[in-house]
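Trainee: Can you walk me through this one? I have the sequence and the model open.
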Amino acid sequence: MGSKASRNTSIETLRVIAVAEIAIFHTFQWTFQVVCTGMPEYAQLAAFPYSGILGFINLLGCWANEVFFMISGYFLIPSAVRALQNGSSAQGLTLKSLRRLKKIVLSTLFYCAVCLLVSMYVYPLPEISLHEIGWLTLGIEFIWVYAASVLLVPVIALMRQRIGSIRAPFVAALLVFTTFGINCYIAATANEAAGIVLWRKLMSAITYLVAFIAAGEMRFVLECHGNASGAQKSKMVLIGLVTATIALELLLSANSEYDALWKLSYKSTSVISFILAAASVATAALHQPRHEVPAADKTIVSLAAGTLAFYVVQSFTCNVWRPIFDKAIYTMATGIQTGDPHPAAAVLLGILMSLCLALALLLMDIVRRAVVDTIKAHLNS
């Protein structure tokens with residue numbers, strides 16, 4: 001599996017990539033939706049190959065969310081299982097999970113407070129106020145599901161110990177197949193009825209937890225069978241899966257199958273995204289860097305540490321930056337001002353704006369952590 005340092009660097013790099021994918025996904029989320037519903041104003045982006053590109057971008061969001069949960073499950077669950085095997089108590093594991101939960105909650109509440117103060121005294125952020133709770137609940141559903149997953153680690157470890165290491169992979173596989181069977185049914189019968197929307201939200205949360213559990217079991221499998229040859233094979237499998245996914249999206253685009261494009265990336269319940277995420281985590285975990293680059297490794301780890309901050313702040317401020325991004329993409333794609341449409345340039349512009357936003361938010365959290373560390377050092381001295 002490689003050294004701890006090299007393993008962590010590869011995994012943290014994947015985490016940063018996931019942040020970039022989420023940023024790009026959220027930028028094009030509304031654009032992809034209106035393209036799939038056939039709005040004539042977006043005919044340029046509905047044409048081949050752009051609708052296929054947007055379809056693949058929409059998959060990035062589901063893919064990245066699954067990656068984030070899988071990375072955490074990959075490390076936390078096996079660590080808890082081994083702790084139990086070495087004599088640790090369930091109470092001790094629970095205390096560790098509570099300490100992790102404390103960090104998640106405090107970081108989240110810090111940015112909640114900052115965004116609320118900005119909305120009250122600097123610039124009004126839509127839906128961010130003391131009189132509304134949606135922004136603190138479903139607005140950051142992802143964070144709370146992640147916090148619950150971390151809290152459940154001792155329970156998952158105890159259940160695996162009871163099931164046994166031989167049966168555990170089969171139980172995890174059954175859990176995955178059952179979850180995605182339900183997901184595929186929901187996607188196939190999807191409409192905007194209140195019941196379906198509620199099921200979509202619920203199954204997204206369940207799918208995240210299943211990804212978390214599956215990655216923990218994947219760690220045990222890779223440790224038994226992973227080697228240098230396996231690393232190369234996993235890389236080739238990932239490249240093949242990405243290539244096949246892009247080809248499928250482009251094929252659907254060429255045939256104007258917008259409904260199929262939409263259902264393939266249905267919320268966070270996409271089976272394609274799950275498979276891509278599992279392949280990504282396996283490839284990163286098995287990868288062994290040929291050269292050590294301490295400065296680059298430190299930068300990657302520092303950026304990756306701001307992942308939760310990115311999720312929170314981009315969610316709270318999406319009603320500010322997204323209309324600006326949407327207008328820029330629409331203007332470029334349709335050529336409404338110049339009469340000369342540039343859909344390819346519009347896609348590139350959206351990607352560039354997304355990456356700039358992601359980098360800005362990650363750097364912001366680096367500054368926050370530096371200030372906190374300075375304050376702690378000053379108080380301790």
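Mentor: We can start with the whole chain and then go through single residues.

Trainee: What kind of model is it?
Mentor: It is a predicted model. The mean pLDDT of the protein is 90, and 93% of its residues reach 70 or more.

Trainee: Where is the pLDDT below 50, and how many contacts does that stretch have?
Mentor: Residues 1-7 have a pLDDT below 50. In the model that stretch has 14 contacts beyond near neighbours in sequence.

Trainee: OK, how many helices and strands are there?
Mentor: The protein has 15 helices and zero strands. Its radius of gyration is 21 Å, and the globule rule gives 21 Å for 381 residues, so the protein is as compact as a globular protein of that length.

Trainee: What box do the C-alpha atoms fill?
Mentor: Roughly 70 × 50 × 50 Å, taken along the principal axes.

Trainee: And what share of the residues is buried?
Mentor: Of the 381 residues, 47% count as buried. As for the surface, the protein exposes about 18900 Å², with 69% of that supplied by carbon and sulfur atoms.

Trainee: How many positive and negative side chains are there?
Mentor: There are 26 positive and 19 negative side chains. The centres of the two sets lie 14 Å apart.

Trainee: What about contacts along the chain? What share joins residues at least 24 apart?
Mentor: That share is 83%, counted among contacts between residues at least 6 apart in sequence.

Trainee: Let's do single residues. Where is Ser280, and is it buried or exposed?
Mentor: Ser280 sits in helix H11, which covers residues 271-286. Its relative accessibility is 4%, under the 20% cut-off, so Ser280 counts as buried.

Trainee: Which residues does Ser280 touch?
Mentor: Leaving aside neighbours within four places in sequence, Ser280 is in contact with Leu14, Trp63, Val67 and Leu238.

Trainee: Now Ile186. Where is that?
Mentor: Ile186 is in helix H7, residues 168-188. With a relative accessible area of 6%, Ile186 is buried.

Trainee: And its contacts?
Mentor: With neighbours within four places in sequence left aside, Ile186 is in contact with Trp199, Met203 and Tyr266.

Trainee: What separates Ile186 from Ala333?
Mentor: Their C-alpha atoms are separated by 33 Å, and the two residues are 147 residues apart along the chain.

Trainee: Switching to the backbone. Which residues does a cis peptide bond join?
Mentor: Phe48 and Pro49, with omega at about 5°. Pro49 lies in the loop between helix H2 (43-46) and helix H3 (50-85).

Trainee: What is phi for Glu127?
Mentor: Phi of Glu127 is near 75°, a positive value in a residue other than glycine. Glu127 is in the loop between helix H4 (90-121) and helix H5 (141-151).

Trainee: And phi for Ser256?
Mentor: Ser256 is not a glycine, yet it has a positive phi of about 55°. Ser256 lies in the loop between helix H9 (228-254) and helix H10 (258-264).

Trainee: How accessible is Ser256?
Mentor: Ser256 is at 41% relative accessibility.

Trainee: Where does Val293 sit?
Mentor: Val293 is in the loop between H11 and helix H12 (294-304). Val293 has a relative accessible area of 41% and is partly exposed.

Trainee: How far is Val293 from Ser204?
Mentor: The C-alpha atoms of Val293 and Ser204 are separated by 38 Å, with the residues 89 apart along the chain.

Trainee: Last one, Ala247. Which helix is it in?
Mentor: Ala247 lies in helix H9. At 44% relative accessibility, Ala247 counts as partly exposed.

Trainee: And what separates Ala247 from Arg219?
Mentor: The C-alpha atoms of Ala247 and Arg219 are separated by 30 Å, and the residues are 28 apart along the chain.

Note on methods. Residues are numbered from 1 along each chain as its sequence is written. This is a predicted model: local features need pLDDT of at least 70, side-chain atom pairs count only at pLDDT 80 or more; totals for chains, interfaces and linings use all residues. Side-chain values use heavy atoms; hydrogens and water are left out. Helices (H or I, at least four residues) and strands (E, at least two) are DSSP runs, numbered from the N terminus. The radius of gyration is taken over C-alpha atoms; the globule rule is 2.2 Å times the number of residues to the power 0.38. Buried means under 20% relative accessible area, exposed over 50%, partly exposed in between (1.4 Å probe, protein chains only). Contact means heavy atoms within 4.5 Å. Accessible areas come from the Shrake-Rupley method with a 1.4 Å probe; for residues, only the protein chains shown count as cover. Lys and Arg count as positive and Asp and Glu as negative; His and the chain ends are not counted. The place of a charge is taken as NZ of Lys, CZ of Arg, CG of Asp or CD of Glu. pLDDT is the predictor's confidence in each residue, from 0 to 100.
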